[in-house]
Number of protein chains: 2
Amino acid sequence: NIVDIRVDDPIAFTFFTGYMAMLAASIFFFAERGVVEGKWKLSLLVSALITGIAAVHYYYMRDYYLATHQTPTALRYIDWTLTVPLMCVEFYLLTKAAGAKIGLLWKLIAASVLMLVAGYIGEAFADGSTSHSVLWGTISTVGYVYILYTAWAGEVAQLARASGDVAVIKGIRALGWFVLVGWAIYPIGYMCMKGGWLNTGLGWQASSVDLFYNIADAINKIGFGLVVYGIAVSGKSPAA
Amino acid sequence: NIVDIRVDDPIAFTFFTGYMAMLAASIFFFAERGVVEGKWKLSLLVSALITGIAAVHYYYMRDYYLATHQTPTALRYIDWTLTVPLMCVEFYLLTKAAGAKIGLLWKLIAASVLMLVAGYIGEAFADGSTSHSVLWGTISTVGYVYILYTAWAGEVAQLARASGDVAVIKGIRALGWFVLVGWAIYPIGYMCMKGGWLNTGLGWQASSVDLFYNIADAINKIGFGLVVYGIAVSGKSPAA
Ligand SMILES: CC1=C(/C=C/C(C)=C/C=C/C(C)=C/C=O)C(C)(C)CCC1
Ligand SMILES: CC1=C(/C=C/C(C)=C/C=C/C(C)=C/C=O)C(C)(C)CCC1
């Protein structure tokens with residue numbers, strides 16, 4: 001009953017590293033929540049929950065992968081079903097002081113649901129054909145682009161500017177970069193699956209799906225949390 | 001010993017998502033309990049207990065379902081036996097400041113016990129006949145309707161109005177909606193069982209029982225808690 005990660009299996013490596021990084025990040029955000037100003041405590045709690053939920057799922061996904069060497073698609077999407085909406089909550093909380101309405105949160109969550117449901121159909125019910133993969137990938141991308149737009153030019157961006165708070169403006173800009181660059185790693189992973197463009201076009205292996213997803217998760221979940229943390233502590237140093 | 005959720009098994013999906021959502025919600029309510037005003041701490045603790053108790057049962061129910069693909073009826077009712085009375089406690093706590101007597105709590109609990117005992121007989125001792133399912137479902141509904149009445153027009157509603165506290169009035173109204181719409185999902189699930197009206201009438205599958213119960217639990221247990229949380233923090237922002 002030991003954790004047997006083969007030295008030539010980088011994917012198993014990232015599953016385990018991801019698990020540990022998520023757990024550590026979660027403890028970090030919980031602990032620091034006690035230190036930051038009151039108005040940021042809720043945001044830090046959400047960061048801790050995102051990474052904590054991921055830690056549990058990585059624990060399961062790691063075992064699943066070690067035992068089967070298959071992609072744990074269901075576990076992956078169960079994780080995202082919870083963590084992506086919580087990331088939308090972060091956007092909402094950061095712009096709330098500037099007047100964000102709860103409707104903004106629902107719109108972001110609706111876009112995430114579209115993105116994830118379509119992605120799930122694309123992966124879970126894949127028949128190895130390019131048409132299936134492209135169709136559902138495209139539908140999913142509509143949801144993704146909506147979130148991207150909201151963060152960069154839509155309501156979130158406008159509210160951040162309106163807040164007049166330098167830390168919030170910078171923070172939302174940083175989160176926008178995560179959505180633009182960090183989140184874009186997921187569709188790259190998706191296209192590695194059998195029949196996907198990177199699979200058929202460049203011959204990238206289907207097993208790389210998990211490699212990309214694991215790297216993206218570490219960057220986005222922990223990175224998002226650190227940006228929020230950065231905003232929360234920025235007011236404390238006189239230089240800010 | 002891995003968690004093997006088949007991609008085409010939405011019920012397993014909801015068991016696992018439910019588990020994780022309950023756990024995260026429980027941690028959330030515990031953590032935020034430390035931040036809210038003193039008079040709301042008890043209500044938040046009860047919310048944390050409701051979702052925490054559910055997390056444990058979902059952990060077991062998930063495994064039970066994965067192993068047997070049967071409905072974990074006993075575990076389900078064990079959960080409800082504890083969590084529904086705790087929801088009645090929430091109603092009591094919210095209206096206590098306006099003069100709720102302990103007798104109100106006992107009446108609500110008695111109605112829940114009737115609702116759950118009858119429901120359990122209906123499900124656990126089902127013989128697949130419509131008459132059994134309808135008889136016990138109807139008895140159960142008497143208890144449900146009593147709680148519904150109390151929340152919308154009876155003692156709870158009257159006390160909320162008498163409190164003159166806008167947050168409490170709005171909160172009790174929101175909880176009333178949960179009881180009316182969210183709780184109504186349970187009888188829908190119940191009627192999917194073999195011999196139930198939706199099973200014989202519309203041909204809905206018996207396996208949908210768990211799908212409806214899982215969705216309803218997530219909405220009601222977490223939603224209830226969030227409403228209470230909303231009341232607790234509403235006093236903090238000057239806009240409230
Ligand atoms: C666009 C697109 C996708 C995007 C996935 C994304 C953007 C996932 C983000 C997950 C996050 C941020 C999790 C962190 O908690 C899919 C579903 C792979 C399907 C292909 C098209
Ligand atoms: C009316 C009715 C039912 C109602 C069940 C309810 C309303 C359960 C609520 C559970 C909650 C709120 C749990 C959360 O903690 C049963 C028993 C299915 C049997 C059929 C008739």
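For the classes used below, Ala, Val, Leu, Ile, Met, Phe, Trp, Tyr, Cys and Pro count as nonpolar, Asp, Glu, Lys and Arg as charged, and the others, Gly among them, as polar. The structure is a predicted model, in which local features need pLDDT of at least 70 and side-chain atom pairs count only at pLDDT 80 or more, while totals for chains, interfaces and linings use all residues. Residues are numbered from 1 along each chain as its sequence is written, chains are lettered from A and ligands numbered from 1 in the order in which they are written, and side-chain values use heavy atoms, with hydrogens and water left out.

The shell around ligand 2 is made up of 11 nonpolar, five polar and two charged residues. A residue is taken as near a molecule if one of its heavy atoms lies within 4 Å of it, and of the 18 residues around ligand 2 those that come nearest are Thr83(B), Ser140(B), Tyr186(B), Tyr190(B) and Lys221(B). For the polar contacts, a pair of N or O atoms must lie within 3.5 Å; within protein, one must be able to donate a hydrogen and the other to accept it, and residues adjacent in sequence count only if both atoms are side-chain atoms. An oxygen atom of ligand 2 lies 3.0 Å from an N or O atom in the side chain of Thr83(B), and an oxygen atom of ligand 2 is 3.3 Å from an N or O atom in the side chain of Lys221(B). Taken alone, ligand 2 exposes 540 Å², of which the protein buries 99%; accessible areas come from the Shrake-Rupley method with a 1.4 Å probe, and for residues only the protein chains shown count as cover. Helices are DSSP runs (H or I, at least four residues), numbered from the N terminus, and among them H3(B) gives the largest share of the shell around ligand 2, five residues.

In chain A, 18 residues surround ligand 1, the closest being Thr83(A), Ser140(A), Trp183(A), Tyr186(A) and Lys221(A). A polar side-chain atom of Thr83(A) lies 3.1 Å from an oxygen atom of ligand 1, and an N or O atom in the side chain of Lys221(A) is 3.3 Å from an oxygen atom of ligand 1. Ligand 1 taken alone exposes 530 Å², and the protein buries 99% of that. H3(A) gives the most to the shell around ligand 1, with five residues, and the residues of this shell divide into 11 nonpolar, five polar and two charged.

The contact between the chains (heavy atoms within 4.5 Å) takes 24 residues from chain A and 21 residues from chain B. The area buried between chain A and chain B is about 1,900 Å², with carbon and sulfur atoms giving 80% of it; buried area is the accessible area (1.4 Å probe) that two parts lose on being put together, summed over both. Across this interface the rule finds one salt bridge, defined as a side-chain nitrogen of Lys or Arg within 4 Å of a carboxyl oxygen of Asp or Glu. That salt bridge is formed by Glu32(B) with Arg33(A), whose closest N and O atoms are 3.0 Å apart. Four residue pairs in polar contact (both at pLDDT 80 or more) are counted between chain A and chain B. The side of chain A that touches chain B draws its largest share, 12 residues, from H2(A), and by class this side has 17 nonpolar, four polar and three charged residues.

Over all chains, the count comes to 15 salt bridges. One of them joins the side chains of Asp210(A) and Arg76(A) (2.7 Å, N to O). Because Asp210(A) lies in helix H10 of chain A and Arg76(A) in helix H3 of chain A, the pair ties together parts that are 134 residues apart in sequence.

Technical notes: Helices (H or I, at least four residues) and strands (E, at least two) are DSSP runs, numbered from the N terminus.
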